[in-house]
Each structure stands twice: as C-alpha cells, then as structure tokens.
Amino acid sequence: MKNFYDVNDVVAITGYSQSKSYDIIKQMNEKLKERYKRENKNLITFRGRVPIWYFEECTGMKRG
C-alpha cells in the first residue's frame, strides 16, 4: 500500500506540469513541517513526495 504521492501521481491527479507538481509538493511539505513544528514535534519529509493523507486534506482531491 502506497503512503506517498510522487510527482507522477500529482501530475496525473492535477493535470499540472511536472515542474509545477514539484512546486506543489515542496510547498505542501513546507507547510506540513510548520504544522508539526508548532506542535513541538519533529517531522521528516521526503523530497519529491508528499503524504497521501496530507495531499487529500489540502486539496480534497483523490486519485481514481
């Protein structure tokens, strides 16, 4: 079972270019880190990947 969307998933879901999709993933990971930092929790994010649950929470979009 997949836990992260990569750039190809984001391209398929949003229809944006690969470059724009990387920007979206980067912005989401930055916001997710800020969210956890406010709660005094550490979080590791992965370049070029965003947790599926967070992508869906932010956009309301699901794949398939």
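Predicted model: local features only at pLDDT ≥ 70, side-chain atom pairs only at ≥ 80, totals over all residues.
1. Sorted by class, the α1–α2 contact has five nonpolar residues and four polar ones, with no charged residues.

2. How do the axes of α1 and α2 cross? They come within 9 Å and cross at roughly 110°. With 65 to 115 degrees counting as roughly perpendicular, α1 is therefore roughly perpendicular to α2. For orientation on screen, α1 covers residues 7–14 and α2 covers 18–38.

3. Have a look at S21 while you're there. Buried or exposed? S21 has 0% relative accessibility, so it counts as buried, the cut-off being under 20%.

4. What does S21 touch, once neighbours within four places in sequence are set aside? The list is V7, V10, V11, T14 and Y16.

5. Now the aromatics: the count comes to three aromatic pairs. Take F4 and F46, whose ring centres are 5.4 Å apart with 85° between the planes, an edge-to-face pair. This pair links distant parts of the chain, 42 residues apart: F4 belongs to strand β1 (residues 4–6), while F46 is in the loop between α2 and β2 (49–51).

6. How accessible are those two Phe residues? F4 has a relative accessible area of 28%, which makes it partly exposed. F46 is at 38% and also counts as partly exposed. Both values fall in the band between 20% and 50%, so neither residue qualifies as buried or exposed.

7. Another of the pairs is W53 with Y54. Why is it called edge-to-face? The ring planes stand at 75°, and over 60 degrees counts as edge-to-face; the centres are 5.5 Å apart, within the 6.5 Å needed for a pair.

8. W53 and Y54 fall into separate accessibility classes. W53 has 40% relative accessibility, so it counts as partly exposed, whereas Y54 has 5% and counts as buried.

Notes: Residues numbered from 1 in each chain as written. Heavy atoms only, no water. Phe/Tyr/Trp six-rings, centres within 6.5 Å; stacked < 30°, edge-to-face > 60°. Helix = DSSP H or I, 4+ residues; strand = E, 2+ residues; numbered from the N terminus. Buried < 20%, exposed > 50% of the residue type's maximum accessible area, 1.4 Å probe, protein only. Axes fitted to C-alpha atoms, helices over the stretch in contact; angles between N-to-C directions. Parallel < 35°, antiparallel > 145°, perpendicular 65-115°, else oblique. Nonpolar A, V, L, I, M, F, W, Y, C, P; charged D, E, K, R; others polar. Contact = heavy atoms within 4.5 Å.
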